[in-house]
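Me: Hi! I have a fold open and would like to talk it through with you. Could you take a look?

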Amino acid sequence: YQQNFTEKAVLIIMSILEILLLGIGLSMDAFAVSITNGAVLKKVNLLTALRIAACFGIFQGAMPFIGWSIGKVGEQLIHTVDHWIALILLCYLGIKMIWDSRKKDEAAFCEKSTLKTKTLLAMAVATSIDALATGVILPSAVGAETLIQMICSISAISVITFILCLIGVFLGKKFGCLLHNKSGILGGIVLICIGIKTMAQMAIITRAARIRPGSATLLCFPA
């Protein structure tokens, strides 16, 4: 009995660690974009940071759930379109950010005090859409076989993303004060790089799947 209890305890701990690592891995893009948002906004208070972090956290948790709901039937479709959507949205937002920051002088640039809801939603979708595929393999990856287990898993991912993004906004504000009007250019470059990274990652997964079928499943987790 004691041995069985120990084995179950080890399995539970391992599952928790796997979910934590997965949550951190999935939230890295959102964390980087949160730093960018904090850097380019003039006024960053707790309410602004909570708004940004909540948006990223909700989408980061929702996407794996949608992927899990679609299941294996929609897996091929997800792999076909997710990286393209992320690339287009992030490159568009990045180019726009660079263009806007170059058009304005430093005084005008610093007057940007709010983040439009549609822009925030586009960023949240772009940074979380690759998590759709993760939702398909969550049951085998972390043992989330039932609806309750899946809800617990995506809730943990959502909370981790929320916390990291909240920290990221204030980190960005600190660096933004040092960079002044250059933060918009650097922020745009970050968004474009994340989009390219997502595209390159999918190319690697596709290549691995062709060389060795089944290997792509292991690569679906963002680094």
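Me: What order do the elements of the protein chain run in from the N terminus?
Reply: They run α-α-α-α-α-α-α-α-α, which comes to 9 helices and 0 strands. Helices here are DSSP runs of H or I with at least four residues, strands are E runs of at least two, and numbering starts from the N terminus.

Me: Anything to keep in mind about the model and the numbering?
Reply: The model is predicted, so local features need pLDDT of at least 70 and side-chain atom pairs count only at pLDDT 80 or more, while totals for chains, interfaces and linings use all residues. Residues are numbered from 1 along each chain as its sequence is written, and side-chain values use heavy atoms, with hydrogens and water left out.

Me: How much of the protein chain is buried?
Reply: Of its 223 residues, 44% are buried. Buried means under 20% relative accessible area, exposed means over 50%, and partly exposed is in between (1.4 Å probe, protein chains only).

Me: Which residues have the most contacts inside the largest nonpolar core?
Reply: Those are Val33, Leu41, Ile52, Phe56, Leu120, Met123 and Leu191, in a core of 24 residues. A nonpolar core is a set of buried Ala, Val, Leu, Ile, Met, Phe, Trp, Tyr and Cys residues joined through side-chain atoms within 4.5 Å.

Me: And which helices supply at least two residues each?
Reply: H1 (2-40), H2 (46-70), H3 (75-103), H5 (117-128), H7 and H8 (182-211) do. There is also a second, separate core of 8 residues, including Leu26 and Ile157.

Me: What does Leu191 touch?
Reply: Leaving out residues up to four places away in sequence, Leu191 touches Val33, Leu90, Leu93, Gly94, Met97 and Met123. Contact means heavy atoms within 4.5 Å.

Me: Switching to Asn37, is that residue buried or exposed?
Reply: Asn37, in helix H1, counts as buried because its relative accessibility is 1%. Beyond its neighbours within four places in sequence, Asn37 contacts Ile52, Phe56, Leu115 and Met123.

Me: Now the outside: which residues form a nonpolar patch on the surface?
Reply: Val159, Ile163, Ile167, Leu171 and Phe175, with about 430 Å² of accessible area together. Areas come from the Shrake-Rupley method with a 1.4 Å probe, and for residues only the protein chains shown count as cover. Patch residues have over 30% relative accessible area and no salt bridge; like charges are joined within 9 Å, nonpolar side chains (Val, Leu, Ile, Met, Phe, Trp, Tyr) within 5 Å. A salt bridge puts a side-chain nitrogen of Lys or Arg within 4 Å of a carboxyl oxygen of Asp or Glu.

Me: Where does Ile163 lie?
Reply: Ile163 lies in H7 (residues 147-179).
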